[in-house]
Amino acid sequence: MIIRKATPADAEAIATHLLLAMEDIIFRLIGEADSAKAKNFLLHFTQQENNQYSYENCWVGQIDNDVIATVNIYNGAELHALRQPVLNYLKLHYNRQLQPEDETGPGEFYIDTLGVSPHMQGRGVGAKMLQLVIDEFVTTRKKTVGLLVEPGNVRAKKLFERLGFKPVGIKTLLGKQLDHLQIVVNRSL
């Protein structure tokens with residue numbers, strides 16, 4: 001598997017992977033539980049620039065010509081600017097005026113979403129994607145990386161903690177309580 005920065009050509013695969021990981025969040029955003037509409041909503045953003053779901057903020061895992069995983073990460077300090085196109089689109093196309101809680105903020109690069117194709121789950125692909133993020137953002141760039149996970153998702157929490165993420169609190173997103181984990185650069189090295 002190679003892991004590389006995403007391109008506009010990856011938009012369809014990115015939308016599919018993001019939806020796998022956050023379908024319930026997208027349903028809450030668009031106000032209906034319709035998988036096709038949710039995927040089209042994400043596809044609109046994954047193929048464009050300057051928004052939180054943009055291909056610009058994604059890394060993809062690829063085997064041969066098959067994009068099998070996506071990690072979506074961006075600077076938490078840019079959350080409001082990256083989220084605004086999404087809120088504008090929701091208002092215009094779904095008549096939804098939302099003010100979601102801030103899931104991240106300054107001082108953290110935020111893993112918004114990690115999605116792995118179903119046929120590749122359980123094979124260490126997610127761990128490899130996360131290790132790339134740790135190597136790139138924590139080790140090389142010396143940045144803190146954070147993410148949110150559902151409290152009941154024990155398998156994911158174990159993976160995150162095995163890779164060095166530590167619980168730092170609880171955040172609320174669209175009314176849902178989520179555990180906030182971070183991995184911080186070891187400045188003593």
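Helix α2 (residues 35-46) and helix α3 (residues 79-94) pack with their axes 11 Å apart, at an angle of about 135 degrees. Axes here are lines fitted to C-alpha atoms over the stretch in contact, with angles running from 0 to 180 degrees between N-to-C directions. That makes α2 oblique to α3; under 35 degrees would count as roughly parallel, over 145 as roughly antiparallel, and 65 to 115 as roughly perpendicular, with the rest oblique. Helices are DSSP runs (H or I, at least four residues), numbered from the N terminus.

A quick word on the source: this is a predicted model, where local features need pLDDT of at least 70 and side-chain atom pairs count only at pLDDT 80 or more, while totals for chains, interfaces and linings use all residues. Residues are numbered from 1 along each chain as its sequence is written, and side-chain values use heavy atoms, leaving out hydrogens and water.

So who touches whom? From α2 come Lys-37, Phe-41, His-44 and Phe-45, and from α3 come Pro-85, Val-86, Tyr-89, Leu-90 and Tyr-94. Contact means heavy atoms within 4.5 Å.

Now for the rings. Rings of Phe, Tyr and Trp (its six-membered ring) pair if their centres lie within 6.5 Å; planes under 30 degrees apart are stacked, over 60 edge-to-face, and the rest tilted. Here are two pairs:

| Pair | Centres | Planes | Type |
|---|---|---|---|
| Phe-41 and Tyr-89 | 5.9 Å apart | 55 degrees | tilted |
| Phe-45 and Tyr-89 | 5.2 Å apart | 80 degrees | edge-to-face |

Phe-41 is buried at 0% relative accessibility, and so is Tyr-89 at 17%; buried means under 20% relative accessible area, with a 1.4 Å probe and protein chains only. Ring pairs link Phe-41, Phe-45, Tyr-89 and Tyr-94 into a cluster.

Definitions and conventions:
Helix = DSSP H or I, 4+ residues; strand = E, 2+ residues; numbered from the N terminus. Buried < 20%, exposed > 50% of the residue type's maximum accessible area, 1.4 Å probe, protein only.
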